[in-house]
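These are my notebook entries from a first reading of a structure that was new to me. I wrote down what I looked up, entry by entry.

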Amino acid sequence: MRPINILVRLLLVFGAALMIPSCAVNPVTGKRQIMLMSEEQEIAMGKEYDPQIIATFGEYKDDRLLSFIREKGEAMGRISHRPDLQYHFRILDSPVVNAFAVPGGYLYFTRGILAQFNNEAELIGVLGHEMGHVTARHTVSQQSKQQLGQLLLIGGMIASEEFRDFAGYAMQGMQLLFLKYSRDHERESDRLGVEYASKIQYDPQQMANFFNTLSRMSASDGPGGIPTFLSTHPDPGDRYRDVTRQAQEWKKKLDNDTWQVNEESYLRMIEGMVYGEDPRQGFVENDVFYHPELKFSFPVPAGWMLVNSPSQVQMAPKDGQALVVFTLAQESSPEAAAEKSLSALQLKPVESQRTTVNGLPAVVTVSERISQDQQSGQQQHIRVLSYFIEYGGRIYLFHGVSDNANFNNYFRNFEATMTRFNRLSDSSKLNRQPQRIRLQQVKQSGTLANALNGFGVPKDRLEELALLNNMELNDQVQAGKLLKVVGE
């Protein structure tokens, strides 16, 4: 959880006013197709999404790398099928391996995917692929069809629709719309990525090689609030073969003397990049959540799952019968935060009192909400224990929610977590640093495994580091080759 003093509110500019069908010429195919959004509306949507995406996930600051992406992206945009569109490029502070685009020419790379690339050409290929989704207006097409996947960090674990509604409001900043493209869209974007990369003289074969790497990785959603590349970009099958064939065709057609790959220059650019989860933004150790930047801690109920995002922390037991949401409030006092939050969540106060939590001013409430399930017609009754705690000039809030039948069973879990929120003074936790990408030069030719062992890589991380370098442990490496390792 990062120190964001607002709950980011996702404004859907794609509303009823835009739902007016019209025919437009697709810039890539040249064919007329029904579009429910004009280009002006598409650009307006991108402008609306962009600051919210940045505020929600955080922006990874690396001026050199961002400048490189912007320079190459603008060059690619000029030779694309939408050369007049202004493109925007961002690096998100997430360890998850993904890249995505939103309508209007906004393209995002996570630091997770940038750490996974091993040369400039791999990045350029994925950049071309994502730009292809924009130029072919796949993002707009998906929005028009309302094929939207709403991001829920704990997914199907929370079974109750009431919990989903509650968590959904509490994490409005995380209600980001990720599009899951069709296989036809993926094939078209692969083809466009090859074309665009080739036209700015990068080896398009590297794009196929990187997709091979992705296929070796898990397609399940990862931590950090962003789905992985393969979960939002379904593999159309035979991707490596098709992209390889298209790459050969474009190489033959353009007949360049050289095709850029630029391995060492890319590795030098990402040296020092944060790798994996960043403990400065919160970490769990021995069932306690620590936040070094904001200097607080609180216990996590034993056996509960926890997901830490920039705007909030969510915890839930495996049976999905309860949920705890921890976040920040905008208001300047616990009393004002309690009034605003309960009203916004349509919760009726049952009990409310001022208290202290480890010497910190606080308000504790018990509230409830009774509603009608639209599908079953049955009445749903939830109860919520909330703590609003003032600390360090901010108001922190906990909401513990369960249905009325199970609330008493989870009350002690809720209370044990909330009443043990405390200042963090342990220097070993306050000074915890993230791992970073480090470069090592192979001293003696041999296998990758031998090289990594020589660098002191622990045995349980050899496979991870092989994948990070897009290699197998038994692959041969030559003396002088740069390899990525991980360290503080």
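**Entry 1, contacts and overall make-up.** I began with contacts in this predicted model, and I found that, of those in the protein chain with a separation of 6 or more, 69% are between residues 24 or more positions apart. I then looked up the secondary structure, which comprises 16 helices and 23 strands. Of the 488 residues in the protein chain, 57% are buried, and the accessible surface comes to about 21200 Å², with 45% of it belonging to carbon and sulfur atoms.

I followed Ile-113 and, leaving aside its neighbours within four places in sequence, I found it in contact with Val-96, Val-97, Asn-98, Ala-99, Val-126, Phe-210 and Phe-229.

I looked up the aromatic pairs next, and the count comes to 26. One of them joins Phe-117 and Tyr-266 edge-to-face, at 6.4 Å centre to centre and with 70 degrees between the planes. Phe-117 lies in the loop between helix 3 (111-116) and helix 4 (120-135), while Tyr-266 lies in helix 11 (residues 263-270), so this pair ties together parts that are 149 residues apart in sequence. Phe-117 counts as buried because its relative accessibility is 0%, and Tyr-266 counts as buried at 0%.

I then turned to Phe-298 and Phe-398, whose ring centres are 5.2 Å apart and whose planes stand at 80 degrees, so this pair is edge-to-face. It links distant parts of the chain, with Phe-298 in strand 11 (residues 296-299) and Phe-398 in strand 18 (residues 394-403), 100 residues apart.

Which ring has the charged end of Arg-239 over it? I found that it is the ring of Phe-211, with the charged end 4.2 Å from the ring centre. I also noted Lys-429, which lies over the face of Tyr-290 at 5.1 Å from the ring centre.

I recorded a count of 27 salt bridges. Glu-188 and Arg-191 form one of them, at 3.6 Å from N to O, and both residues lie in helix 7 (residues 183-199), 3 residues apart, which is about one turn of the helix. Glu-188 counts as buried at 16% relative accessibility, whereas Arg-191 counts as partly exposed at 35%.

I also looked up Glu-368 and Arg-383, which form a salt bridge with their closest N and O atoms 3.3 Å apart. This pair links strand 16 (residues 360-372), where Glu-368 lies, to strand 17 (residues 379-391), where Arg-383 lies, the two being 15 residues apart.

Note on methods:
Residues numbered from 1 in each chain as written. Predicted model: local features only at pLDDT ≥ 70, side-chain atom pairs only at ≥ 80, totals over all residues. Heavy atoms only, no water. Helix = DSSP H or I, 4+ residues; strand = E, 2+ residues; numbered from the N terminus. Buried < 20%, exposed > 50% of the residue type's maximum accessible area, 1.4 Å probe, protein only. Contact = heavy atoms within 4.5 Å. Areas by Shrake-Rupley, 256 points an atom, 1.4 Å probe, with all protein chains shown as cover. Phe/Tyr/Trp six-rings, centres within 6.5 Å; stacked < 30°, edge-to-face > 60°. Lys NZ or Arg CZ within 6 Å of the ring centre and 35° of its normal. Salt bridge = Lys/Arg side-chain N within 4 Å of Asp/Glu carboxyl O.
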